[in-house]
Amino acid sequence: MVCLMASDAPVFDPESVTPLYEQVADYVAGRIEAGQMTPGQKLPAERDLAEEWGVGYQTVRRAMRELRDRGLVVSRVGKGTFIAPKG
């Protein structure tokens, strides 16, 4: 599993006109586009991401919803959130 946490934690700008949830979603989307995350890869828990990235849990939840809307991730109840298959 490619780590999204710890040493490569991104810095988000709360003063930006771009909402934090969108900054988070764009960060994850960029990692997917760059091939640093692959289809089927499980993402860490939303609470873990929020803690590591220094943003609110609800911000990460909203970002994951945005990524689902973009078709980049899929969530399975009781299993987690995964990078969506290409196509």
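1. Helices here are DSSP runs of H or I with at least four residues, numbered from the N terminus. By that count, α2 is followed by Gly54, whose phi is positive, near 70°.

2. This is a predicted model: local features need pLDDT of at least 70, side-chain atom pairs count only at pLDDT 80 or more, and totals for chains, interfaces and linings use all residues. Residues are numbered from 1 along each chain as its sequence is written, and side-chain values use heavy atoms, with hydrogens and water left out.

3. Look at α2 next. Glu46, Leu49, Ala50 and Trp53 are its buried residues (under 20% relative accessible area; exposed is over 50%, partly exposed in between; 1.4 Å probe, protein chains only). Seen down the helix axis, they fall within an arc of 100°, so they line one face of α2. The arc is taken from the directions from the axis to the C-beta atoms. Arg47 and Glu51 are exposed on the other side. The buried residues pack against α1 and α3.

4. Now the core. The largest nonpolar core has 20 residues, and Val28, Trp53 and Leu67 have the most contacts inside it. Such a core is a set of buried Ala, Val, Leu, Ile, Met, Phe, Trp, Tyr and Cys residues joined through side-chain atoms within 4.5 Å. α1 (20–33), α2 (46–53) and α3 (57–69) each supply at least two of its residues. The largest share, 7 residues, comes from α1.

5. Leu67 touches Ala25, Val28, Ala29, Leu72 and Val73, not counting residues up to four places away in sequence. Contact means heavy atoms within 4.5 Å.

6. Thr59 is found in α3. Thr59 counts as buried because its relative accessibility is 17%. Leaving aside neighbours within four places in sequence, Thr59 is in contact with Leu20, Tyr21 and Val24.
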